[in-house]
Amino acid sequence: MTWRTEPLSSSRGAEEAFDALRGEPDPFWRDDATGRGWSFLGADPADALRIGAGEGDAPGRFQAWLDARRGGAPPDGGAARLPADAPPFLGGAGGFLSYDLRGAFERRPARARDDLGHPWIRMGWYAAVLA
């Protein structure tokens, strides 16, 4: 996979850019919590993974999915070849791991019913992002 960095123009804010992704499959907007001010936006992943509650070995399936997509990438993700001012996220896996995924690791009595039905794991493999 070839990584390409294209900075978001300062004349368009992240909100406006995200509005442009409306209607695209699996859009995301993540803000960096390091205080450096990064926002990351993307849509239309090359591949997606959804694992619902109790659907087999969720951690193992997720690891296998990641391994298949990394396809021989160096352990550092190629960071040694990036310019010092490159954004900290250039593409790859983006999504969420649900709090309820704990059920794959520990058995505890259910204290509340699952009234939202969110999957335990929802990930996309994004070849390009706006940063």
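Contact here means heavy atoms within 4.5 Å. Helices (H or I, at least four residues) and strands (E, at least two) are DSSP runs, numbered from the N terminus. The model is predicted: local features need pLDDT of at least 70, side-chain atom pairs count only at pLDDT 80 or more, and totals for chains, interfaces and linings use all residues. Residues are numbered from 1 along each chain as its sequence is written, and side-chain values use heavy atoms, leaving out hydrogens and water.

Start with helix α2. It has 13 residues, 58–70. Its buried residues (under 20% relative accessible area, 1.4 Å probe, protein chains only) are Ala58, Phe62, Trp65 and Leu66. Seen down the axis of α2, these fall within an arc of 95° (taken from the directions from the axis to the C-beta atoms), so they line one face of the helix. An α-helix has 3.6 residues a turn, so residues three or four places apart point the same way. The cover over the buried residues of α2 includes β3 (47–51), β4 (92–97) and β5 (121–126). After α2 comes Gly71, with a positive phi near 45°.

Now the aromatic rings. Rings of Phe, Tyr and Trp (its six-membered ring) pair if their centres lie within 6.5 Å; planes under 30 degrees apart count as stacked, over 60 as edge-to-face and the rest as tilted. The structure holds five such pairs. Phe18 and Trp29 have ring centres 5.5 Å apart and planes at 40°, so this pair is tilted. Phe18 lies in helix α1 and Trp29 in strand β1, so the pair ties together parts eleven residues apart in sequence. Trp38 and Phe40 have centres 6.2 Å apart and planes at 15°, so they are stacked. Phe40 is buried, at 7% relative accessibility.

Definitions and conventions:
The expected span of a helix is 1.5 Å times one less than its number of residues. Buried means under 20% relative accessible area, exposed over 50%, partly exposed in between (1.4 Å probe, protein chains only).
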